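These are my notebook entries on a single model.

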Amino acid sequence: MFKKWIHSFLLFSAFAAVTNVDAKDCSTQFLNGKAPVATTTHFNERTTSLCFEEYALMYSGVTKTPLWTAEFLTNNRIKEARKLKRQDSFHEEEQIPNADRSYLKDYKGSTKNVDIDHSIDRGHMSPNSDFSTYTAQFESFSLANIIPENSDNNQNLHEGIESATRKLATQRERLYVITGPIFDTTANKLNGRVVIPTRIFKAIVDPSKHQAAAYLTYNKPGMDYQVVSIAELERIVGFDLFPDLPSSIKNSTMPLPEPTPYKQHSGKDRSEQYHSKHASNEQTSFSSTPLRNFGKSLQYLFK
């Protein structure tokens, strides 16, 4: 009788675990429940959509990186996340086909066989510090959420952008955030497999104030970044990131806070300072690549 009860309990537990996974609804991570839509067919090749506890993503088996990750950040979520200690747990994503997934060994000896003169980090797109439970934090260390990122950028400018976004979420109460890499024809492959992006973006929508804008930075050392409209960013990345966002909001650029990385606000200042370059009033080195040229870049990577 006891053995039969244990057997039934285990079956129920297994069923409950499966239904809990199946019950995940990532529509809450998207503005009005609508995920980004590719505006070029190249991004439909060998992609896998994944839904985790507190974020969603689209993964490319061609670049072996995410193409974008999406989060719904709230004041309460950030407050809960601050209570957790970081627990590094980088792991391969078993939901991705073997031939398409990146592996931990891809990131070992990161600078070998690559024409770069700097070190590479395993860079989160949706950062660990955004997640309010240890389960969600663990899921953020999936290699499906990771790109080969310049170490200086990952630990300074990009970390500052992530921190500024969390601070904005606590001030605005609710934000929809999409983060991702940008590739072009100059992209190298890490150890011949994982494509190293040229640039990185973080797009932000405030649904309460009907405002939006995005950070844009090169994947290289330095403190230069740009704030652009969602419309301009979408012309560069080849995705309609927020399908339900009115064009009037997409074409305007809300002010975004200056990134302040941990090394600065902890008193460990760098000698270099940030240089914010706003597309609305200043010429910059961040060119909005015409879509026809961007298409050629995609053909180079996705052939």
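**Helix 6.** I started with helix 6 (residues 230–237), which is mostly covered: seven of its eight residues are buried. The buried ones are Ile230, Ala231, Glu232, Leu233, Glu234, Ile236 and Val237. I take buried as under 20% relative accessible area, exposed as over 50% and partly exposed as in between, with a 1.4 Å probe and protein chains only. Helices are DSSP runs of H or I with at least four residues, strands are runs of E with at least two, and both are numbered from the N terminus. Gly238 follows helix 6 and has a positive phi, near 80 degrees.

**Basis.** The model is predicted, so I noted the limits: local features need pLDDT of at least 70, side-chain atom pairs count only at pLDDT 80 or more, and totals for chains, interfaces and linings use all residues. Residues are numbered from 1 along each chain as its sequence is written, and side-chain values use heavy atoms, with hydrogens and water left out.

I found Lys64 with phi near 60 degrees, a positive value in a residue other than glycine. Lys64 lies in the loop between strand 3 and strand 4 (65–74). I located His210 in the loop between strand 10 (199–206) and strand 11 (211–218). Because its relative accessibility is 55%, His210 counts as exposed.

**Strands 2 and 3.** Strand 2 (residues 47–51) has Thr48 and Leu50 on a covered face, and Thr47, Ser49 and Cys51 on an uncovered one. In a regular strand the side chains alternate between the two faces of the sheet. Strand 2 runs antiparallel to strand 3 (residues 56–60), joined by five bridges; pairing requires that DSSP find at least two bridges between two strands. The bridge partner of Leu50 is Leu57 in strand 3. The two strands form a hairpin with four residues between them.

**Rings.** I counted six aromatic pairs. The rule takes rings of Phe, Tyr and Trp (its six-membered ring) with centres within 6.5 Å; planes under 30 degrees apart are stacked, over 60 edge-to-face and the rest tilted. Phe52 and Tyr55 are stacked, at 4.8 Å centre to centre and 20 degrees between the planes. The rings of Tyr55 and Phe131 have centres 5.3 Å apart and planes at 55 degrees, so this pair is tilted. I looked up accessibility: Tyr55 is buried at 0%, and Phe131 is buried at 1%. Ring pairs link Phe52, Tyr55 and Phe131 into a cluster.

**Largest pocket.** I read its space as about 500 Å³. It is lined by 22 residues, with Arg86, Ser129, Asn154, Glu159 and Glu162 nearest its centre. Helix 5 gives the most to this lining, with four residues. On a 1 Å grid over the protein atoms alone, a pocket is an open set of points where a 1.4 Å probe fits, with protein on both sides within 12 Å along at least five of seven lines; lining residues have an atom within 4 Å of a point. Points are joined across faces, edges and corners, and the volume is the space filled by probe spheres set on them.
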